[in-house]
Amino acid sequence: MATAGSVTKTFGSAKESASAAQRDLDWAIVEKVQAGNVGAYDQLVQKYREHIYSIIYNMTSNREDALDLTQETFIKAFQAIGRFKGKSSFFTWIYRIAINTSMTFLKKNRRRRFISYENVDDEMTKTEVFERLTSKSRTEKGALVQELQEKLNESLQKLSPKHRTVVILHEIEGLEHAEIAEITKSSVGTVRSRLHYAKQQLQSYLQDYLNA
Amino acid sequence: MSSDPKHTPEKVDLDELLALKRTERPSPAVWDRFDRELHQRMLQTLMKKDPWYLQIFSAFSRPIGQGIALSSTVAVIAVIVIRTALVTSPSAAVNLVQDFQQEEQEQAMISQKVTSKNSVPFFETEAAINPDYAIETYSASDVSGGAGFERDFGMDRIETANYDIAVYSADLARSHTVFANTSVASISF
């Protein structure tokens, strides 16, 4: 049976990408692009597109916007890659671009928000957590998937963009506090505080499932 | 299974619930379209010429551009410093003194012209000793005989200081400050 842990392994976490070896590998590719090998940029796109998409999708809760903004993020990174000096790791840098792009989009479209959910992978129904929820709520699996997806997305959207960012990067992308602090250009203390507050909020929004 | 009470089968943790969000992801076919569109957009980006302000910015972000920017800044600062130094230098002060002396000479010539018209030196004349600062009043009520001509908020009279030009010139020659606070005319309502 697949568990939440196996989901993490399958999806891969940004933490793995942040290792020193990965950082060196990314830097080598960046240097190639800076030297004029535009094709090398594809390797970075392939490696990070799903993570970037996940961040933006969870920030916006709209899959069409998320795809468009993911492309925009890679375009912006491509345009600015000549100025990337490698002081931070590439993933930190591109995650920051993704967050900023999402924030700008959310500010511009504050009054016009459409929800468009992504397909839920079959793996969700195979997780232990899902099994537990199904057995307790006695709801049909298909209905529960949809209900859970809606509730999770709604709860995330109720958070402020700054709190949402921290939750997404930590709970969904699996980043460390220090990495989030670097991406959001804030202190580790601020990240912890935001995460604590955001989780308190989410606890209250999702208490039906947590106490099921 | 974990011995942590949080992870007992009876309870679902918030972290576990949020981890389910990882299962929301697009199908592989979406990425094919994504790559195609991204390549097109990147191509457009490469073809598109940046606006002039971005070109300037990118030029100054290069080492050569930075050198040019730095030397230009130094040159501008140098011009400002040198110009300030010239204005406040001793030679400039000498020029100011010369200008003042020339002005004094001109004033003296004017007073000489005035005094040459009279046999008696001007400073000994009655006008110079007791200058006439009398105020003459032109009043609408005077003109109309004082009846039915005055209006509310209308101008009632104009007072002017009557001062002889000769006296004025002589006084000016003696001191620039004599009439500094003199009001030439006043209007009463």
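Residues are numbered from 1 along each chain as its sequence is written, and chains are lettered from A, with ligands numbered from 1, in the order in which they are written. Because the model is predicted, local features need pLDDT of at least 70 and side-chain atom pairs count only at pLDDT 80 or more, while totals for chains, interfaces and linings use all residues.

**View 1. The fold of chain A.** Chain A holds 13 helices and zero strands. Helices (H or I, at least four residues) and strands (E, at least two) are DSSP runs, numbered from the N terminus. Of the 212 residues in chain A, 37% are buried. Buried means 20 or more other C-beta atoms within 10 Å of the residue's own; exposed means 12 or fewer; partly exposed lies in between; C-beta atoms are placed from the backbone. Among contacts in chain A with a separation of 6 or more, 71% join residues 24 or more positions apart. A contact needs C-beta atoms, placed from the backbone, within 7 Å.

**View 2. Helix 12 of chain A, residues 188–205.** Helix 12 has 18 residues and spans 26 Å from its first C-alpha to its last, close to the 26 Å expected at 1.5 Å a residue. The expected span is 1.5 Å times one less than the number of residues. Which residues of helix 12 are buried? They are Val191(A), Arg194(A), Ala198(A) and Leu202(A). These four lie on the same side of helix 12 because they cover an arc of only 70° around the axis. The arc is taken from the directions from the helix axis to the C-beta atoms. An α-helix has 3.6 residues a turn, so residues three or four places apart point the same way. On the other side, Gly189(A), His196(A), Gln200(A) and Ser204(A) are exposed.

**View 3. What covers helix 12 of chain A.** The cover over its buried residues includes helix 9 (141–158), helix 10 (161–172) and helix 11 (177–184) of chain A. Helix 1 (14–19) of chain B is also part of this cover.

View 4. The model scores ipTM 0.80 and pTM 0.60.

Conventions:
Two residues are in contact if their C-beta atoms, placed from the backbone, lie within 7 Å.
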